[in-house]
Amino acid sequence: LTTYGRGLRGLSLAAAATITAALALTFFYAPLDANQGFIQKIFYIHVPLAITALCGFVFGGVLGAMYLRTGDRKWDIRSYVAIHMALIFGIGTLLTGTIWAKASWGHWWVWSDPTLTSFLIVMLLFATYQPLRFSIEDPERQSRYASVFAVVAGAFVPLNFIAVRAAQGYVHPRVLTLTGGNLPGSMRLTFLVALVGIVLLYATLWKYEMAAKSTRMQVRALRRALLGEDAVRPLKRSAAPS
Amino acid sequence: MRTVLTVLRKDLLLELRGLETLPAMVLFAIVTFVIFHFGLNRDTIDGQLAAGVLTVTLLFAAMLGINRLFVAEREQGGFDAFLLAPVDRSALLVAKATALFLFLVVLEVIAVPAFGLLLLGPSLGPVLPGLIAVLALGDVALAVIGTLVSAIAVQTRARDLIGPIIGLPLLLPALIGMARGTGPLLVAHASGSPPGKWVAILALYDLVFALLSYAVFDFLLED
C-alpha cells in the first residue's frame, strides 16, 4: 500500500508559494524587455511549462520502462498520470506559445521556428496515448502496450528535436543555451523561480492524481470485501488504468 | 537467423501467391501522383516540391503495407504459433521489418520511375545513386517503425485508425530527412550527391529506432 497523500499538504503549499513569488517577481521585479516590451513576460510561464511538459513525457517513458521491467501495475498508473499531466501542461505551452508568437512575430503560428514545430509534433504523438489505451480492452495488455508506447515516445522526444532543429533556422529566442545564456541576472532569477514553481505544480498535481486514484481503488476493494462482489458496479471501459 | 529466414520466406511466399498488399501499394502511389497532377495543376514539378510529393506519396503507400503487416498473424493464429515455437521473439521483428523493407523497395522500383515519367521535370538518370541511398535509408526507418507500430496497432480494436495516428508523428523526422535529402537531387542539373547532413540524420534515426524496437518488441508478444 502506497500512501501518496503523505507530504501532499507541504508540497501544495510550497508550489503555491513559489508560483506566487514567481508572479510577483515577473510583474514587479523583472525589467521590461528592450525589444519586446511587456509581452515578453509570458516567457516566464511559457518556457517553464514547455520544459516541464517535455520532462513529464520523458518521465512517463521512464516509469513505463519500470512497468515493463517489474510488471507491477503501480508503475503503469504512475506513467499514465505523468503523461496525462504533461499533456495538460503541453496544451498550456501551445496556448501561451501562440499568444507570444502573435505578439512578437505578428502571426499565430510560425513554421520556421523549430522549437514550436517540434513541440507540436511531440504533442501530436502523445495525443494518441489515450486513444491507444482506450482501444485495448484487456487491462493487462493495455498496461503493457501503453508502456511500450511511453518508452518509444519518450525516446522520440529528444530525437525529434534534433531532426526538426536541423531542418530550420534559429528564430526562437534562444534564452537558455549551453554556454550559459544571455539573460541578465534579474531575468534569470525570475525565470528560475518560475521554473521551480511550475515543476512543483507538476509534482503536486501528479501526487494529487495518484492519491485520488489509489484511494478510489482501495475504496472499491474495501466495498467489494464488505458488501460482496455484486455491490460494486463493474468499471466502465476507460483509457485510464484502474 | 534461421527463424528469421523461415518467417521472411513465409511472408514473401504469401505475398507472391496472394498479391494482397504490394499491388495495392503500387496502385495507390501511382493514383496519388495523378491526384497531385490535378491537385497542383502542374505538368512537371522539380526541386523541393517534387521531393515532397514523392516522399509523402511513399509514406502514405507505406502506411497501407504497415496496416496489413500483422493482420494474417492475428486472424489466423500466427502469433500463438510463433509463441509456442521455441525461438527468439526478436526474430519476428527482424523478419517482418525485412519483409516490409523489401515491399518498399519493390514499390519504389516501380513508383519512382513512374514519378519520373508522370510528374518530374529534370531527368532522374544522373541523380539515381544519391536518390537510391536516401530512399534506402528512409525505407529502413519506415520498415522498423512501421513494424513496431503495426505490432501495437494490430491488437487494438480500431487498428486501421490507431496505426496511422501513432505511425505518422513517429515517422515525421524520417520524412523530413527523406524530403530534405532528396530535394537538392530533383532540381535541374543537380550535383548528384545528397546533402550529407540529412543522410547522417536518417542513419542516426534508423539506428536509434532499430535498437529501441529490438528492446521493446518482446513485450508486444507476451501473452
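Residues are numbered from 1 along each chain as its sequence is written, and chains are lettered from A in the order in which they are written. Because the model is predicted, side-chain atom pairs count only at pLDDT 80 or more and local features need pLDDT of at least 70, while side-chain values use heavy atoms, without hydrogens and water.

Over all chains there are 10 salt bridges, a salt bridge being a side-chain nitrogen of Lys or Arg within 4 Å of a carboxyl oxygen of Asp or Glu.

| Residue | Partner | N to O distance |
|---|---|---|
| B:Arg157 | A:Glu137 | 3.6 Å |
| A:Glu209 | A:Lys213 | 3.9 Å |
| B:Lys96 | B:Asp11 | 3.0 Å |

B:Lys96 lies in helix α6 of chain B and B:Asp11 in helix α1 of chain B, so this pair ties together parts that are 85 residues apart in sequence. B:Lys96 is buried at 1% relative accessibility, and B:Asp11 is buried at 8%; buried means under 20% relative accessible area, exposed over 50%, and partly exposed in between (1.4 Å probe, protein chains only).

A:Glu209 and A:Lys213 are 4 residues apart in helix α7 of chain A, about one turn of the helix. A:Glu209 is partly exposed at 22%, whereas A:Lys213 is buried at 8%.

In chain A, helix α2 (residues 43–70) packs with helix α3 (residues 73–105) at an angle of about 160°, their axes 7 Å apart. The two are therefore roughly antiparallel, a term for angles over 145 degrees.

Technical notes: Axes are lines fitted to C-alpha atoms, for helices over the stretch in contact, and angles run from 0 to 180 degrees between N-to-C directions. Angles under 35 degrees count as roughly parallel, over 145 as roughly antiparallel, 65 to 115 as roughly perpendicular and the rest as oblique.
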